[in-house]
There are 2 protein chains.
Amino acid sequence: MDIAALRSAHPDHWRRAAAIRALTLDAVAAANSGHSGMPMGMADVATVLVSRHMKFDATAPDWPDRDRFILSAGHGSMLLYALLYLTGSPEITLDEIRNFRQWGAKTAGHPENFLAQGIETTTGPLGQGLANSVGFAIAEEALRARFGRKIVDHHTWVMAGDGCLMEGVSQEALTLAGHLKLSKLVVFFDDNGITIDGPVSMADRTDQVARFAASGWHVQTVDGHDPEAIDAAIRAAKDSPLPSLIACKTHIALGSAAQDTAKGHGALTDPQVVADAKAAYGWEYGPFEIPADVKTWWEEVGRRGAAEREAWAARLETLGKGKRAEFDRRIAGAAPRQLTSAIRKLKKAAVEAPAKMATRKASEAVLAAVNQVTPETFGGSADLTGSNNTRAGDLGVFTAEDRAGRYLHYGIREHAMAAAMNGMALHGGVRPYGGTFMVFTDYARPAIRLSALMKQPVVYVMTHDSIGLGEDGPTHQPVEHLAIHRATPNTLLFRPADLVETAEAWEIALTQEATPSVLALTRQGVPAVRAKHSAQNLVRRGAYVLAEAEGKRQAILIATGSEVHVAMAAKAELEAEGIGTRVVSMPCMELFADQDAAYRRRVLPGGAVRVGVEAGVRAGWDRWLLGERGREAKADFVGMESFGASAPAEVLFDKFGITAATVAERVRALL
Amino acid sequence: MDIAALRSAHPDHWRRAAAIRALTLDAVAAANSGHSGMPMGMADVATVLVSRHMKFDATAPDWPDRDRFILSAGHGSMLLYALLYLTGSPEITLDEIRNFRQWGAKTAGHPENFLAQGIETTTGPLGQGLANSVGFAIAEEALRARFGRKIVDHHTWVMAGDGCLMEGVSQEALTLAGHLKLSKLVVFFDDNGITIDGPVSMADRTDQVARFAASGWHVQTVDGHDPEAIDAAIRAAKDSPLPSLIACKTHIALGSAAQDTAKGHGALTDPQVVADAKAAYGWEYGPFEIPADVKTWWEEVGRRGAAEREAWAARLETLGKGKRAEFDRRIAGAAPRQLTSAIRKLKKAAVEAPAKMATRKASEAVLAAVNQVTPETFGGSADLTGSNNTRAGDLGVFTAEDRAGRYLHYGIREHAMAAAMNGMALHGGVRPYGGTFMVFTDYARPAIRLSALMKQPVVYVMTHDSIGLGEDGPTHQPVEHLAIHRATPNTLLFRPADLVETAEAWEIALTQEATPSVLALTRQGVPAVRAKHSAQNLVRRGAYVLAEAEGKRQAILIATGSEVHVAMAAKAELEAEGIGTRVVSMPCMELFADQDAAYRRRVLPGGAVRVGVEAGVRAGWDRWLLGERGREAKADFVGMESFGASAPAEVLFDKFGITAATVAERVRALL
């Protein structure tokens, strides 16, 4: 690569882009870790994009109508931090750049959305940013359909590397975007031909441009170091009625000794290598030093959008009062006041006419009521609409032709669905929920984890939550999945027992601000267990006494979801023998853990044996059975210790011993 | 669709294929559940493939050189069961067909490899079979390179639907196959244009043929109901030097009222619908009745390969003695005798020269020794070779040009890597291991679960197993993942503390017959903790007393992996205060659970408080801290309760309180 030629061809551009490269070299050297090569390779594309095309105002990084910049190749985080610092972010200061990758810094190893505004999403796990971006673009379309082009009209720009494109989730994401013709989504592919193990050709011979074209994308290939070519490609992308891929031929770790090598992917920390690269750039400044002309130019870029933002704010004032209130409320992520009354009404009706019902059907009934009062909900399913019962309440279908629809047929794309929902939630203004079978949370696991890490209140509607799904067999029967979601920090796993608990769980899920919810719902019918109406949301306490012991309390049965009625039947059996038995319904362990010790003690007092029952593995249960520090109670657990099997549900519960008789027997054995 | 025209064009073929369709209709109706449409749509392709091309001998379904038939669209399981029954499987009898989806039947809702021979893999989770098939084809190439074309020369045939191709894992799998030019892999795409929610066009506009072509596949499109066209396509696929896609235009639920509709995907159980479909087929027989001429013809197909198998057996006799023994041993899945001595030698050397070392480096040292004595190992990494330390022992690299290599650069394809390893293990003759970061087991989770469900001894080399990886931050730091693997049935999660334990864990992993292993290995250096050589494999007991209390035992510290030395330091602190403290190393909870009660009691006796320490969440620990039924001990746990952060490792351990001081403090609080 002839750096001198690049420098002389566009001397001003060169210096501005070199600032990104130099900051990257300095920060990585100071941290003695990080990834230098990507920012060094993509600095030209970033400079052209941000300075000539991106709509933003550095002083108001939360402007709802800003363009979104998604660094899917998150290891190149210094590219993003450099851009934020240079354009005048109030949060990503030079001190933060100096503290790259240190405890308490906003400049984490990989971008973390909750550390500073302008970091639109958390990336690092490859392909996630790209898949998030589809959700950002969907949210933009959905909000524009609702509030008009004068209020919502922005682009989503993505930088993705070979790693992002090699991950399977990229295929789900790009085919979904192509299908939906998300024309305001533009992906820059950092086509540098290098991965960690070596040249891409060691592991792949895919024609990425042909692949995107095969799914309805507008595609271009450009020299990623030629600012005018990049600019022209971006203009063409903006004009296209399709989502756009711009494959940028770049040199990883441009201008360094490690250029075009796998070594260039990682941390360039050798002082001589750093010095030589800077010399090649003609960069004569000290570490972390940005010459005033360059900094001033970048800061002007950062302020360029201010007028546009003010004009937007003026237009916002012209929105009708109702629309304006809705817009503000949705952007703030607040639930509508009507939600609580809708839930309460439904609960009351449920108690008045108790019926055996699958909780997935209960969820459908809740959605039918809720979707009418929450215009921000955006539902969908990964090709299991009729099984997940996620389409309810006349939402309309979101398609390439109709952006007003609030239901999306995601196709057989669990992973992209979850990642897109993350993108929608991050974008704001939309509250996404989506369904698949509980066992297939496995397919979406990286994105579900990121919902929790990114503090996004996505709702996962996971039906077919145990062996109770029957004949489809062990490939479809979750056994360890309740434990998996409970083991994941900042995740609420709800396993409601009937329609009332399902309604309460939905109410909690839809009012979360920073926590995703996983609803575990049955395929099979279950009897109603809540016989008395309570205006209070009992699920909010995580666990509560569903039925008190008659006479002296000798046993406490703790159950969730479809096993609550099993516990109730066991109680009846035990009470008939004079064994006073309390039944505790525990729809959400995480919320119960958050209660004060006195409440927990009231629900689970000492002096009685305890048996837990749930059609899943025991992991995560012992805290409630045995107590955190032990010695609380003698206890046992009735659940699954192996994978399931293919047979009718009732046969399976019997064969695996998840029955009232087993529960009663275990109680007797403990007494 | 003009069924009459199809019938009259190829009357003999029609009747033979109709037998598959009729058995499907009958079995689904009897079970009152299942999926009728796929077998009805693909019966023609299956009939041509099996009768004219597939190399197999129904009487010897374990013939190592048989062609493999992979039903990736596993919901169409009746297609496979019908073929097995018709061709004379000794296991899939008519009774089994009648018991479709019932308890104890070999004809589970989705095919399960361990229920009957001829079921080559477990499918249902979409895309898995397709990704398995890449591993089958790799194993075939690898074994042919070792034993010659006379011994190993067979095809892998796959049937995949829209669901399989829409899943992200399909992209990883097909690009890997294209890159490796796996020419003996042929995929039939059941291109029926229908998914569960409706027409494919509701959710996708991908040109699948163009997509495969973009990754170096040979591609064709045929009428999936024209036997001669199918035959010609298969011939062309066999002649191609590339993996081959045959897109078969088919009609789901052919000939029924539900043809070409989403309804046709599921169970056709209405008696009239079933009767009408049979009438359209000209099928005048009773339920489960196959006319003698058709059954005879199929049974001849089933025996057609017998002569070829006998000729193969004769050729096998001509293999040299050493090669023959190796072939037999590898097909039997037995480890070589030299493995134990190699491990023992390494352990001895480790104890003699103890060194601080990351366990990922320890793993590399083990592999360097082990790969020399186990020609069946086949290693790889998802583009993290230098970080996972998986390439050791001069394996050579498996490429399109060199099939003798035993190391594969999987690219950034964790999911396809895991699924391909499943395929290799299922094929037999190869023992796969593969690496990525522990947190990215999330990306491969559906396939890792299937390793366990399918009883395949795949080894997952998962490095960077905690916050100890440092600056890369929470997106890369596993917190809940040890718990996830432990919660999964039939999975061994090893977290070795040093080189000796790592060697022992590898020995166990490489001698498993029906259980996958996940090795959790550190990025950071850890001191050696095993000071004394033991010929016995102590990890095999799951947990053992690493250091006994001096004087009266008041506390037991239980630790794994990189926290064992933390426990040792805490012990030193406590002993200095006169608190006798035992340290138990617990590298594998699953193996410890399998020990008899007396041993478990010896390791974890009563009468002392217990503190567990592990840089992960508590889930799964309480059984060892509190006892299964409670009241065993007062106990506490030092670990993670949130996601990690980006900072140097030592800072993180300090900030999150995973230190000897914290452990000692918790002990004091309990006493």
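Biologist: In which loop of chain A is His265(A) found?
Modeller: This is a predicted model. In it, strand 5 covers 244-249 and helix 11 covers 271-281 of chain A. His265(A) is found in the loop between strand 5 and helix 11.

Biologist: Is His265(A) buried or exposed?
Modeller: Buried means under 20% relative accessible area. His265(A) has a relative accessibility of 14%, so this residue counts as buried.

Biologist: Where in chain A does His35(A) lie?
Modeller: Helix 2 spans 11-31 and helix 3 spans 37-53. His35(A) counts as buried, at 13% relative accessibility. Its place is the loop between helix 2 and helix 3.

Biologist: Which residue of chain B is in contact with His35(A)?
Modeller: Neighbours within four places in sequence are left aside here. The contacts of His35(A) in chain A include His75(A), Arg101(A) and His265(A). From chain B, the list holds Asp472(B).

Biologist: How far apart are the farthest two C-alpha atoms of the residues under the UniProt annotation "binding site"?
Modeller: The annotation, from an unreviewed UniProt entry, covers eight positions of chain A, among them His35(A), His265(A) and Arg523(A). They span 489 residues in sequence and do not all gather at one spot, because the farthest two C-alpha atoms are apart by 47.6 Å.

Biologist: Which cysteine holds the sulfur closest to that of Cys164(B)?
Modeller: Cys164(B) is buried, with a relative accessible area of 0%. A disulfide needs two cysteine sulfur atoms within 2.5 Å. The closest cysteine sulfur is 13 Å away, too far for a bond, and belongs to Cys248(B).

Biologist: How many disulfides does a search of the whole structure find?
Modeller: The search runs over all chains. The number of disulfides found is zero.

Note on methods. Residues numbered from 1 in each chain as written. Chains lettered and ligands numbered in written order. Predicted model: local features only at pLDDT ≥ 70, side-chain atom pairs only at ≥ 80, totals over all residues. Heavy atoms only, no water. Buried < 20%, exposed > 50% of the residue type's maximum accessible area, 1.4 Å probe, protein only. UniProt positions renumbered as here; feature names shortened; annotations may be inferred. Helix = DSSP H or I, 4+ residues; strand = E, 2+ residues; numbered from the N terminus. Contact = heavy atoms within 4.5 Å.
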